[in-house]
Amino acid sequence: MTISQLSIFAENKPGVLVEITNELAKAGIDIRAMSIADTSDFGIFRLIVDDTEKAKSALENTGFVVSVTKVLAAAVPDSPGALTDIMQLLSENDINIEYMYAFITVSKKYAYVVLRVQDNESAAKILLDNNIVLVSDDDVKKL
């Protein structure tokens with residue numbers, strides 16, 4: 001089970017994030033999670049949104065380069081060590097994490113960690129087999 005993540009390639013200069021978030025707002029898109037990785041000239045703005053295709057279209061129509069990547073989102077119980085348990089499961093099964101970021105919901109029962117790994121199916125099976133709840137695109141729309 002995977003979710004869709006947008007990666008927007010953007011010049012690293014003042015006002016670019018305003019342009020991106022403004023286009024999403026005009027399109028009625030809710031941002032659920034975000035991460036920014038940058039260099040001195042360009043950055044990658046990664047987003048989990050409530051409507052991936054609509055967001056991608058809105059941004060591409062204004063000239064942004066956008067890609068969609070399938071990632072995992074695991075529900076992490078709100079308790080010390082819960083994230084370590086997930087990291088341990090993946091490590092023991094030789095699954096490398098390329099990057100990750102997290103977001104929380106108002107329920108306060110879980111934080112959600114977004115994981116980019118090389119093999120989503122294997123990682124999802126390992127996590128599901130160990131009673132880790134994974135989030136779907138439909139779940140993201142309901143958050």
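Helices (H or I, at least four residues) and strands (E, at least two) are DSSP runs, numbered from the N terminus. The legends below refer to a predicted model.

**View 1. The largest nonpolar core and the surroundings of L115.** The largest nonpolar core comprises 17 residues. Within this core, the residues with the most contacts are L72, I86, L90, L115 and L127. At least two core residues come from each of β4 (65-77), α3 (82-92), β6 (110-117) and α4 (120-129). Apart from this core lies another, of 16 residues, which includes L24, A27, A55 and F64. When neighbours within four places in sequence are set aside, L115 is in contact with V71, L72, M87, L90, I97, Y99, M100 and L127.

**View 2. The packing of helices α3 and α4.** The two helices, α3 and α4, pack at an angle of about 125°, and their axes are 10 Å apart. An angle of 65 to 115 degrees would count as roughly perpendicular and one over 145 as roughly antiparallel; α3 and α4 are therefore oblique to each other. Their crossing is right-handed. On the α3 side, I86, L89 and L90 take part, and they meet A123, I126 and L127 of α4. Classified by residue type, this contact of α3 with α4 has 6 nonpolar residues, with no polar and no charged ones.

**View 3. T52 in helix α2.** T52 is located in helix α2, which spans residues 52-60. The relative accessible area of T52 is 10%; because buried means under 20%, T52 is classed as buried. With neighbours within four places in sequence left aside, the contacts of T52 are S4, L6 and V68.

**View 4. D94 in the loop between α3 and β5.** D94 belongs to the loop that links α3 to β5 (97-104). Its phi is near 60°, a positive value in a residue other than glycine. Most residues other than glycine have a negative phi. D94 has a relative accessible area of 73%, and because exposed means over 50%, D94 is classed as exposed.

**View 5. N131 in the loop between α4 and β7.** The loop between α4 and β7 (133-134) contains N131. For N131, too, phi is positive in a residue other than glycine, with a value near 60°. N131 is exposed, its relative accessible area being 71%.

Methods:
Residues numbered from 1 in each chain as written. Predicted model: local features only at pLDDT ≥ 70, side-chain atom pairs only at ≥ 80, totals over all residues. Heavy atoms only, no water. Buried < 20%, exposed > 50% of the residue type's maximum accessible area, 1.4 Å probe, protein only. Contact = heavy atoms within 4.5 Å. Core = buried A, V, L, I, M, F, W, Y, C linked by side-chain atoms within 4.5 Å. Axes fitted to C-alpha atoms, helices over the stretch in contact; angles between N-to-C directions. Parallel < 35°, antiparallel > 145°, perpendicular 65-115°, else oblique. Left-handed = near helix turned anticlockwise from the far one by under 90°. Nonpolar A, V, L, I, M, F, W, Y, C, P; charged D, E, K, R; others polar.
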